[in-house]
Amino acid sequence: MKSSIKFGSVRGIDMFVHWTFLVMLVGIFIFYVYQGLTVTAALMGVGLILAVFGCVVLHELGHAFMAREFGIPTLDITMYPIGGVARLQRMPREPKQEFLIAIAGPAVNLAIAAILFLITSLFDTSTALSAAMTPGGNILTMLMWVNLALVVFNMLPAFPMDGGRVLRAGLATRMDYRTATSVASLIGQGMAFLFAIYGIMTGLWTLPLVAVFVFMAARQEVKHVMERA
Ligand SMILES: [Zn+2]
């Protein structure tokens, strides 16, 4: 993996960061300074992104450690600008195992948010979303909201999000794995379609782009399962 740089290893799982992530960090720093922020403020902004990066790494480790519980090793974890990927050696065969492995990631972010909530409450800092949105606001409050957003985003019932796997696992307890995959991907595609329409109507042009990505991921997942069967 030459396009990625190893930045650590936990319990034998090597962790890599893709070079595009580092380019993004430098780009954001330059953008902040260009916008008139002081170097310190720009570094703080980059620091927040690194803190989010750390939370996503813990999310991926959540998947990896739960997979290990079922005897499935993780090959590696790679961080991209859009998120992290834990590559499992094989996919779990039982719906209950898939459910627990998928839910372990968002559960980590929920736990982080709860801990940050306790810490900020202890120091009498406002935990309101408005406090997090204010420039120069409390970094822990911001991080708490980012973790909650990660939970919601990852639990959207569409592949390749964890929510898609949770949905498939739930369906697979009632029908065979292939049918469950088809139904789950249809639900995901339907949701992506609605998001795209909403994005076009409101001018949020990132939504149709994400929708196309989700659409292709759903097709990929169905193809993958059919090939394996
Ligand atoms: Zn995940």
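Biologist: In β3, which residue is the bridge partner of aspartate 14?
Modeller: Quick caveat: this is a predicted model, where local features need pLDDT of at least 70, side-chain atom pairs count only at pLDDT 80 or more, and totals for chains, interfaces and linings use all residues. Residues are numbered from 1 along each chain as its sequence is written. Strand β2 and strand β3 (residues 74-80) pair in the parallel sense over 4 bridges; strands are DSSP runs of E, at least two residues, numbered from the N terminus, and two of them pair if DSSP finds at least two bridges between them. In β3, the partner of aspartate 14 is aspartate 76.

Biologist: And in β2, what does lysine 6 bridge to?
Modeller: β1 (residues 4-10) and β2 (residues 13-18) pair in the antiparallel sense, over 6 bridges. They form a hairpin with 2 residues between them, and arginine 11 in that turn has a positive phi of about 45°. The β2 partner of lysine 6 is phenylalanine 16.

Biologist: What's the strand order in the sheet?
Modeller: It's an open sheet of 4 strands with mixed pairing. β1 and β4 (83-88) are the edge strands, as each pairs on one side only. The order reads β1-β2-β3-β4.

Biologist: At what angle does helix α1 run to β2?
Modeller: Helices are DSSP runs of H or I, at least four residues. Axes are lines fitted to C-alpha atoms, for helices over the stretch in contact (C-beta atoms, placed from the backbone, within 7 Å), and angles run from 0 to 180 degrees between N-to-C directions. Helix α1 (residues 19-34) lies across β1, β2 and β3, and its angle to β2 is about 50°.

Biologist: What angle does α2 make with β4?
Modeller: Helix α2 (residues 39-69) packs on the sheet, touching β1, β2, β3 and β4. Its direction makes an angle with that of β4 of about 20°.

Technical notes
Two residues are in contact if their C-beta atoms, placed from the backbone, lie within 7 Å.
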